[in-house]
Amino acid sequence: MKNWFVRRLQPSGEPPVAPDGLTRLGADAPAEQLAVRMLPRISSPAPHKGLRLVRAEVRGKLTVTEPATFVGALTRGLGHGKAYSCGLLLVR
């Protein structure tokens, strides 16, 4: 899960979309300073029975490198589980 998040970091000077098409976060952080805690999996009831989402909490100190991209990530979230309240960012 940590690698999933690290791939979405955006070092200063890098474009908001990676060469492989991955949308980046608009912020950067040293990967070794990020802490990941796996959360219980959730399953969706009907009509999407059988859908299971893996969740994690990533903690660390981010440095915003591209403000517009970061605001977009804050408002839209990250990943495919956004419709299930996953992928949300909390900034303190």
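The model is predicted, so local features need pLDDT of at least 70 and side-chain atom pairs count only at pLDDT 80 or more, while totals for chains, interfaces and linings use all residues. Residues are numbered from 1 along each chain as its sequence is written, and side-chain values use heavy atoms, with hydrogens and water left out.

**Fold**
- The protein has two helices and four strands, in the order α-β-β-β-β-α from the N terminus; these are DSSP runs, with helices being H or I of at least four residues and strands E of at least two.
- Its C-alpha trace spans about 45 × 25 × 25 Å along the principal axes.
- Of the contacts (heavy atoms within 4.5 Å) between residues at least 6 apart in sequence, 51% join residues at least 24 apart.

**Burial and surface**
- Of the 92 residues, 24% are buried, meaning under 20% relative accessible area with a 1.4 Å probe, protein chains only.
- Carbon and sulfur atoms hold 55% of the accessible surface of about 6,600 Å², found by the Shrake-Rupley method with a 1.4 Å probe.

**Largest pocket**
- A pocket is an open set of points on a 1 Å grid over the protein atoms alone, where a 1.4 Å probe fits, with protein on both sides within 12 Å along at least five of seven lines; lining residues have an atom within 4 Å of a point.
- The largest pocket has a volume of about 1,000 Å³, counted as the space filled by probe spheres set on the points.
- Its lining has 29 residues, with E57, V58, L88, L89 and L90 the closest to the centre.
- The elements giving two or more residues to this lining are α1 (2–6) and β3 (52–59), and β3 gives the most, with seven.

Technical notes:
Buried means under 20% relative accessible area, exposed over 50%, partly exposed in between (1.4 Å probe, protein chains only).
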